[in-house]
Amino acid sequence: MGSSDENGFSSLEYQSGFGNVFSSEAMGGALPRDQNSPLLCPFGLYAEQISGTAFTAPRKLNQRSWLYRIKPSVTHEPFHPRVPTHAHLVSEFNQSSSSATPTQLRWKPADVPESPTDFIDGLYTICGAGSSFLRHGYAVHMYAANKSMDSCAFCSADGDFLIVPQKGRLWLTTECGRLQICPGEIVVLPQGFRFSVDLPDGPSRGYVAEVFGTHFQLPELGPIGANGLAASRDFLVPTAFFEEEHHPGYTIVQKFGGELFTAKQDFSPFNVVAWHGNYVPYKYDLILTAPSEKPGVALVDFVIFPPRWLVAEHTFRPPYYHRNCMSEFMGLIYGGYEAKKDGFLPGGASLHSCMTPHGPDTKTFEATVSCEKSSEPFRIADTMAFMFESCLIPRICPWALESPDLDPDYYKCWVGLKSHFLRKEVTQYVQKINLSDGRNAFSSNRGNDHS
């Protein structure tokens with residue numbers, strides 16, 4: 001079983017829901033009944049649990065799944081540091097690995113490599129904060145690849161991967177089954193899950209948010225109420241799929257503390273015939289949050305800026321000028337972004353760190369205020385931008401600061417903003433207000449005299 005053909009991935013079936021206890025079996029009767037770890041599992045399978053939280057975590061937070069596999073994942077040779085090493089992955093953000101800067105940063109789209117490069121070798125860290133060792137923090141990665149992974153699987157012991165493809169579909173094979181991810185969708189691969197990435201469209205590019213010590217969840221409903229933004233039923237989870245062929249020399253590549261280690265085994269890790277639980281990969285196309293210890297404050301929020309109507313009257317409709325206690329990393333999937341007329345391109349990125357000023361560029365501001373008398377509804381179409389927003393201040397990796405894709409002229413998009421302050425009009429306005437207030441006070445006093 002398990003051919004990665006077009007028909008196989010285009011006709012995949014999914015389960016729907018978020019946080020559900022799912023179950024799936026590729027062969028009828030493969031799931032044990034009434035217990036998780038029987039003395040003998042159906043079809044001679046091995047029972048193996050994967051835990052995303054501590055055993056003693058409260059029920060509403062507890063995440064784990066039971067996998068019923070042909071051979072257990074422990075059947076491998078010892079791990080060794082990967083050769084050649086991967087020098088551009090970081091999970092420990094300090095002065096030796098990265099730099100801090102309050103400057104607004106913007107990157108042009110990275111070129112897809114000319115030499116054969118799979119997802120693992122095409123993955124590189126841009127910025128982040130905290131430490132995977134201390135189980136608190138996050139990393140923002142990007143990837144550019146042109147080759148499917150062959151006879152190997154990848155997993156991160158450091159944290160959950162939220163992947164946002166910008167160019168090219170991803171065919172993902174995971175221990176729970178297969179998923180097809182298109183630009184405009186996202187996929188979350190929880191900490192520890194092994195997966196392989198095929199590139200059916202050839203060259204591929206995208207973004208990754210990795211969170212340490214927590215998991216993504218749905219944001220609270222807030223004032224939007226019971227039927228707000230993200231519907232649980234729109235999340236899609238794979239169905240069981242397995243590979244049973246003997247596969248000598250298969251390589252597991254594990255990211256551990258930001259370093260890559262490899263181990264050999266003689267079978268595919270995608271040998272799970274059945275599974276059940278609530279710790280699973282899933283795909284979606286909207287918002288998620290990875291909470292911090294403070295209520296309402298995110299370690300990482302993922303939000304999108306999709307096509308939409310702008311209808312507010314007497315309002316500056318683009319995003320306003322802003323300084324934020326959160327740090328904002330933005331990417332563009334396709335189209336343009338309403339606050340930047342030029343320079344912010346699909347596949348590119350920007351970073352506005354804690355309390356760094358940002359907002360619409362000069363062209364956007366001037367075009368908006370020149371149409372101040374127009375209050376007609378306007379639809380922003382053919383666009384998809386997103387943001388990773390964090391309460392932690394990111395440090396930037398040296399190769400990101402030294403990259404030829406870093407735009408040294410980004411600051412110039414605001415240099416043309418000029419003063420529109422008119423003292424004479426302000427003075428006349430204040431005088432008019434004062435006169436009006438005086439008349440109102442006089443009328444009020446006369447009214448009191450008659451009472």
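Predicted model: local features only at pLDDT ≥ 70, side-chain atom pairs only at ≥ 80, totals over all residues.
**Entry 1**

As a reminder to myself, strands of a sheet pair through backbone hydrogen bonds, either parallel or antiparallel.

**Entry 1: strand β27**

Next I turned to β27, residues 384–390, and asked how many of its residues are buried. The count is 7 of the 7, so this strand is largely enclosed by the rest of the structure; I took buried in the sense of under 20% relative accessible area.

I also wanted to know which way the side chains of β27 point. M384, F386, F388 and S390 point one way, while A385, M387 and E389 point the other way, and I noted that all of them are buried. In a regular strand the side chains alternate between the two faces of the sheet. I marked E389 in particular, as an acidic residue listed among the buried ones.

**Entry 2: the partners of β27**

I then looked up the pairing of β27 with two other strands. Strand β22, residues 298–305, runs antiparallel to β27 and is joined to it by 5 bridges, and within this pairing I found D301 to be the bridge partner of E389. Strand β24, residues 327–334, likewise runs antiparallel to β27, with 7 bridges joining the two, and here M330 stands opposite M387.

**Entry 3: the whole chain**

Stepping back to the protein chain, I recorded 5 helices and 28 strands, and a C-alpha trace that spans about 95 × 60 × 40 Å along its principal axes. Of the 451 residues, 49% are buried. Among contacts with a separation of 6 or more, residues 24 or more positions apart account for 79%.

For the surface I wrote down an accessible area of about 22,500 Å², of which 54% belongs to carbon and sulfur atoms. Last, I looked up the charges: there are 37 positive and 47 negative ones, and their mean positions are 8 Å apart.

Conventions. Residues numbered from 1 in each chain as written. Heavy atoms only, no water. Helix = DSSP H or I, 4+ residues; strand = E, 2+ residues; numbered from the N terminus. Buried < 20%, exposed > 50% of the residue type's maximum accessible area, 1.4 Å probe, protein only. Contact = heavy atoms within 4.5 Å. Areas by Shrake-Rupley, 256 points an atom, 1.4 Å probe, with all protein chains shown as cover. Lys, Arg positive; Asp, Glu negative; His and termini not counted. Charge placed at Lys NZ, Arg CZ, Asp CG, Glu CD. Pairing = 2+ DSSP bridges.
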